[in-house]
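Biologist: I am new to this structure and would like a close look at a single part of it. Please take one side-chain contact, describe its surroundings, and then say how far the model can be read.

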Amino acid sequence: MTETQEALSSDLAVSLRKRLAELRDFISVDPLSNPVRQLAHELSCQLENQELNETDLSTLIKLFSDNAFRDRAKTLQRYVELKEGEDPQARLKRAILKPAVSNSFAAFSRYWEETKDVVVFTGHPTFILSKRQREWLINGATGQGATLDDVEHYPDSPITLAAEHAAVLEAMGQASQAISLLHTDIIDIARKEFPDDWRSLRPAPVHLSTWVGYDMDGRTDIGWQDVIRHRLEEKNQRLQIYQERLGQIGQLDSSSQLKEALCELEEMQSHTREVLAYFDKRPETISAISDAANSLTAAGGKYATLDKVRTGLEYVARNGTDQAAREAIALLSDMNVFNLGMGHIHFRLNAAQIRNAARQVLKLDTDEDLFGRSALEKVQKLIRDAQSVEVNFASLAIEKSAASRLVIAMAQILKHIDAEQPIRLLIAELENPVTVLAALYLTKLFGVEDRIDICPLFETPRALDRSRRILDVLFRQEAYREYVEKRGCISIQAGFSDAGRFMGQIPAGLAIERLQGHMADLMDKNDLGHHRAIIFNTHGESMGRGNHQGSFEDRALYALSPWARAQFAKRGIPLVHENSFQGGDGYLLFGNRQLALSVVSSILEARHSAECVQRKPDPFYEDISTSLDFYRTVKSMQEKLYADQAYQTTVSAIGLAFLPVTGSRQSKRQSLQDQEDMSLRRIRAIPHNAILQQMGLLANLTGGIGQAISAEQDYFVWLEQNSDRFGRLMRLVTRARSLSEIKIFIAYMKLFDGSFWATRPLSRREPQLGQSCAVLARELSEDKRYFAALKLAAQLRSDSIALSDQLEAMQLRQSEVFMPDELDILHAIRIAILQHIFLLAARLPDLAPYAGTKKEDVLQMVFRLQTDEATALLEETFPRDSLAMEDFDMAEVANYPADMPKLNDSIRAEFIEPLRRYTKMVQQITSGISNFYSAIG
């Protein structure tokens, strides 16, 4: 950007802010006025009259997106409570000293050797930030800010699974270093406090996990070869870390035992690299598969454990100098956490895939009750009678059942790559206990039931409503109880994202909290309370997935409340909380040493805060009838909203078009004749939430709250001030309300109002648009989307006004962390660009003479904002490399069709290329707007 352009854009930005303020003030005179719509219209007029051009718009988009981006860096810094000038390791040491457990070594070691928290890296499509953007944010959050001149607000393309896996390995590398420092600091404190006992300490309070490269729910592009390669890559990286650390210990201790350990590691690393070279080629042929498999299995599992390495380190821990022992104990602690990988791995499969496999094996009728005694008895008999089978990589290559193939892959990893690290099997959309038992049967069939943690995922309203019954029936099954005795733990997963779109984010959070309480109660009642309870909360980084924007500690206590934690504590059940860090947004939190240490500190601080809060009564739980009324009222409105045709039509009108591809698991654009009739269930949870963010319609967070608390406003004002739980809920709602405005989505939906286009020429200031506006008015005359939006707005408005009044009574007006003016202006710019795209399409010539496609077909694509498809169709109709008369050497004279190449060039210059450029600008604004939420979706 030149200095002249920068000055012009700055002046224009000032004028836009001033104009927006004037338009907002006018609401007091005319409540029906719409500042964003009016500002968009004025920008559109300037664009069509050439008072603004593409460069001006691009410069403004860059300016406002840069501003939001800088604020996002500050928010990230605040979020992990990273203070300027403070060494994050000093904070980590303070966090270790907070729990009062240093009165005896037994208490100290018991507290720190027990795992209570797990960082889980997941691979949802949230890579809207390019690698360059992530680097800038990480540096900006840690005081190393640089110019944004070379930063484009647009995701990398293409986003591949390999790129996602590389990104997660970087994040896990930083996270593992932070955990290593945590281990060392705990050891140093023990060494000081307990000089006679510290050498026996093996701390492991925080673990790492990942499902990136192992999540097969809803995707077919991850083959078993990819799974094995990913696991080998992780093993290779971990062995490099171990070799370096062991070499450093070798400088402090020259014992033969340690030298033997180092030799073992070197052999293991050499073998891993050799095998990885085969799998890097992704073997497909029978010969290549055989060679790759044989290279891995030839060692017979010799390199699948760290037993020999641990023996050498244990010798140093007992007999070495204090410094050598310190380093050996720290490395042993790391090995106990990571074993032969960067972290635990989570495979994920849909319940339907396991259920279908179960029906085949059990010969169940499709309508048989999967809660019924018959189905339960059949599957338990199958488990009792199961004889484990031997499998190899040929078994894996030949197997067709997705569920069986997954368990065979686990068996091969456990036999030949890492025999010590248990593997999680997540079952998505689970709604009955038989599915869990069917998965247990498969693990027993393939001989790995003692090392697989089967984890049901509760994410649908049906599953959450029936969660107590599902767990109660499951916990009473003898086969499951025997399995739990082997594993020593029970794990469940709670899906904030999917549950939140079906029943609203606040009711989903409360339903999940109830599920967590049910789990504690039922483990105790069924005599399973001596085992660990593992709760994996997939709530992620943005408000759409149930997260507060205040601090990471606040997020942790929202996802697993002090009350829920107390249900386990008072029954003496060890509890492990797993936090989800999703995609490009989540990996930022482990972008460098400072951030990673801050997050680990926040995890420890959240645990300690929860223990303190547990000791205080919370009226939200004591006044059960009021809390239950609040839950039911909001849930009822949210469920009606999600099922309402006006909501379906409004959200589907823009659909996925605002969203660039943000992950290797792509959200397919819908190509339906009547996209407005498309069920939102066909859009995944994260894109659904992202659409709401991009339309300024956070109804999934704010809808129904005003109605629920208006009947007893004074009481709820008191409750917000006196209840830890209700206060957290209302802070989330407040933040969402500050970034949500009904008039914004109405401004977008005005695009589909035929009468708007019919009346636009009445000003007489745009004579060149008369014909184009007439085309749009005619084509949109019967369109239902704008009127659906008006109906939805009418349904939401009174609740929204009530909510604003109540938040003011609670003194919860959100401070302007970001710049809402700039958020509204970005919306206005995008609406103006969309109007320009509509007008461009309306000016297209008749396509009938050149192709079987009609102009009206292209217009309908544009009205669904399927501009990529529209430009592809125009490309096909008017190709770049079309033949021209001069390409031929003809003796015979002709003068027809002399204008064809000229027409193709004209269509490309006037329609195809502008459509591409303006579509990209629309999606660049998507990136800019997502910064106000610090995440996409």
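Modeller: The side chain of Arg760 makes a polar contact with the side chain of Glu766, at 2.8 Å. A polar contact here is a pair of N or O atoms within 3.5 Å; within protein, one must be able to donate a hydrogen and the other to accept it, and residues adjacent in sequence count only if both atoms are side-chain atoms. This is a predicted model, in which local features need pLDDT of at least 70 and side-chain atom pairs count only at pLDDT 80 or more, while totals for chains, interfaces and linings use all residues. Residues are numbered from 1 along each chain as its sequence is written, and side-chain values use heavy atoms, with hydrogens and water left out.

Arg760 sits in the loop between helix 36 (754–759) and helix 37 (770–779). Helices are DSSP runs of H or I with at least four residues, strands are runs of E with at least two, and both are numbered from the N terminus. With a relative accessible area of 4%, Arg760 is buried; the term means under 20%, exposed means over 50%, and partly exposed lies in between (1.4 Å probe, protein chains only).

Not counting residues up to four places away in sequence, Arg760 touches His41, Ser44, Cys45, Glu48, Glu766, Leu769, Cys773, Gln835 and Leu839. Contact means heavy atoms within 4.5 Å.

Two cysteines, Cys45 and Cys773, are among those neighbours. Cys773 is itself buried, at 1% relative accessible area. Its closest cysteine sulfur is that of Cys45, but the two are 9.3 Å apart, so they are too far for a bond. The structure holds zero disulfides, a disulfide being a pair of cysteine sulfur atoms within 2.5 Å.

As for how far the model can be read, the chain averages a pLDDT of 91, and 94% of the residues score at least 70. pLDDT is the predictor's confidence in each residue, from 0 to 100. Where pLDDT is low, the predicted coordinates should not be read in detail.
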